[in-house]
There are 2 protein chains.
Amino acid sequence: MTNIQDVAKAAGVSTASVTRYLAGQTIRRADAVKQAIDELGYRPSHVARSLKTGRHDSIGVIVPDISNPFFAALVKGVEREMRPHGMQVILGNSDEDAGREEALVRELSQRTDGIIMAPLTENDEIPLALMKTGIALVFVDRDISSGPDVDRVLVDNASGVRQAVDHLVGLGHTRIAAISGPLDSTPGRMRHEALLSSFEHHGIAADDSLLRIGDFREASGRAAIQEIWAAPQRPTAVFVANNLMTTGALTALMEMGVRVPSDLSVVGFDDLPLAALLDPPLTVIARPDVDQGAAAARLLVERLGEPGQPSPAPHPTQSLVLPVELVVRGSTIAAPALPEGSPA
Amino acid sequence: MTNIQDVAKAAGVSTASVTRYLAGQTIRRADAVKQAIDELGYRPSHVARSLKTGRHDSIGVIVPDISNPFFAALVKGVEREMRPHGMQVILGNSDEDAGREEALVRELSQRTDGIIMAPLTENDEIPLALMKTGIALVFVDRDISSGPDVDRVLVDNASGVRQAVDHLVGLGHTRIAAISGPLDSTPGRMRHEALLSSFEHHGIAADDSLLRIGDFREASGRAAIQEIWAAPQRPTAVFVANNLMTTGALTALMEMGVRVPSDLSVVGFDDLPLAALLDPPLTVIARPDVDQGAAAARLLVERLGEPGQPSPAPHPTQSLVLPVELVVRGSTIAAPALPEGSPA
DNA sequence: TTGAAAGCGCTAACAC
DNA sequence: GTGTTAGCGCTTTCAA
């Protein structure tokens, strides 16, 4: 590879002048340098530059599952926001694996100026270690319980669950099942807690045989709904705490011959790309995905500044909570008439 | 940050010995070095190491659209295959934008030892430039017309289209519409060519009013099906060349009140995560996604070798063509009885 | 086995 | 505005 010395020699200047030219400063022999660069096909070594400056002009995004459309959209939001700032976005997919998350953090913290991540669990200690290295950090979608001093973007999980439960109760449902996410993750815990408090608010008794905890993956949604449907008293509606588990639950229901919504109303957290095309179209709590990523990217840019510019002054961390929205489609209908002898 | 000198000093050895320890060689004062590393929390600088060795122990994957489930799955396959080899996977999403693809290639070629990519078009010159830098390269899913000397993994597009057309013809369809992909991309061109030759093989006249070219994105599927449905003689079946356009077409059909499959049979290329849950369940050509990524990763590993090991001897490039498979679900049924006066 | 020292390619004082 | 030069942190000859 041709290096800066070759260019300097060819242009008859010092390497310092080439650097200055590259940095956009005005130098006398700019044309000669430009020509030398073009002719030699010179590309500055990113590695050498990083070693010298300690900057990388890139950021990392670490998500638990890139094949979850929510995270794919989130990443898109980050990229769109970062593009005009001249920062490369490097993506890491931890595949819901703590070991892999750690490897990614270790790796990306050496190649980037800042990291946007959705920690696997609230007890995740990996981000703590990261913060000590001084790299800029933004949590998105998920939080950790200790170490509050980080920028973060979350959605209003509690409000979403409340809207879902209100909607079902408004349709006359009282036997409501739920498939929650892992209680050691922020969205899992917040949604589950909001569910219980919504039940309480509406005077609905929490029936353990109708409450299941999954792991946010498709298979756990399948298993959970099968158990729920085997309960002594079946529910008339079910709330599922994320998109993948909803998919699993719907598949299992179809296989079991349970008709949605006549046998069972279904409302899911997270919109799905094809939710409107499903049979029936799915009622969901939709939350911002692209926007959530973009918001996280903006927080990071505020902290890092633009490439080539001096870093902005440190400022207090920010917590953003984005609103969510109930989208009523066809998978929720009024509860069937109460069987004889039921309480009002 | 603590560096190798600090460790060497603390352990009372030279930096060379620390390097040797890190490389797994046996040195006399190994314990002291280990202790110094632990106490100081030393992490070798990846940047400095890369500058010196020219290796990165990581690979890049560049896809046109990470929110396309096909590419998300492909990336997953790459990561799963790479993990045991100790190589980090860095992901780039070009968002179907040539400028962004170029930026990613420029960036990742400086941070990785090899790149797996799906070039945007067959005329894409970016990979050619990349090959000149000597970095290892594997094409996946898409190819470029010039510069054949690259490892590649494709799927049997022609066979897939043939299976789809055979299936429709077998159901009695003769007025078959098609929404093809961009003719300057490998899958777009191959599928379109296979379509025309399948038509010819079955004696079906290609009707321009039923043939549309999209861009593999959802909106173009919507627009195309609307145009097709406005044709003087409507089709009884449509073939759509990828998943996103299929989604768009189905949405538009629903909005137009066209019933699938009674009004129109639909077969799509690419399976969808929710294809079985759609109304009706979608008949598709399913192709390997995770496996395609894993295969590409394997080719790259064969070329690069393991981190820390000497590189394997160069060997001829390989081209893999993976089989695809027709999955018949509910969106294709027998063609309606011919209107009076039609030819047999 | 070990240490000294050169140098990967670049940037940023510093002196002119 | 320009050139000289030290040095970012590491690996790798080379001699011992």
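A polar contact is taken here as a pair of N or O atoms within 3.5 Å, and the views below come from a predicted model.

**View 1. Polar contacts to the phosphates of DNA strand D.** In chain A, a polar side-chain atom of Ser17(A) is placed 2.8 Å from a phosphate oxygen of DNA strand D. Two or more residues each are given to the surface near DNA strand D by helix H2 (15-22) and helix H4 (46-53) of chain A, and by helix H2 (15-22) and helix H4 (46-53) of chain B.

**View 2. The protein surface around DNA strand D.** DNA strand D is surrounded by 27 residues, and the closest of them are Arg20(A), Arg28(A), Ile4(B), Tyr42(B) and Arg49(B). Of the atoms of DNA strand D that come within 4 Å of the protein, 56% belong to sugar and phosphate. H4(B) makes the largest contribution to this surface, giving 5 residues, while the surface as a whole divides into 10 nonpolar, 9 polar and 8 charged residues.

**View 3. The interface between chain B and chain A.** Contact involves 43 residues of chain B and 43 residues of chain A, and the area buried between the two chains is about 4200 Å², with carbon and sulfur atoms giving 58% of it. Between these chains there are 10 salt bridges, including one that Asp95(B) forms with Arg83(A), in which the closest N and O atoms are 3.2 Å apart. There are also 24 residue pairs in polar contact between chain B and chain A, counted with both residues at pLDDT 80 or more. On the side of chain B that touches chain A, the elements giving two or more residues are H4, helix H5 (69-82), strand S2 (88-93), helix H6 (98-108) and helix H11 (243-256) of chain B. By class, that side of chain B holds 18 nonpolar, 11 polar and 14 charged residues.

How values were computed
Residues numbered from 1 in each chain as written. Chains lettered and ligands numbered in written order. Predicted model: local features only at pLDDT ≥ 70, side-chain atom pairs only at ≥ 80, totals over all residues. Heavy atoms only, no water. Near = heavy atom within 4 Å. Polar contact = N/O pair within 3.5 Å; in protein donor to acceptor, adjacent residues only side chain to side chain. Helix = DSSP H or I, 4+ residues; strand = E, 2+ residues; numbered from the N terminus. Nonpolar A, V, L, I, M, F, W, Y, C, P; charged D, E, K, R; others polar. Contact = heavy atoms within 4.5 Å. Buried area = accessible area lost by both parts, 1.4 Å probe. Salt bridge = Lys/Arg side-chain N within 4 Å of Asp/Glu carboxyl O.
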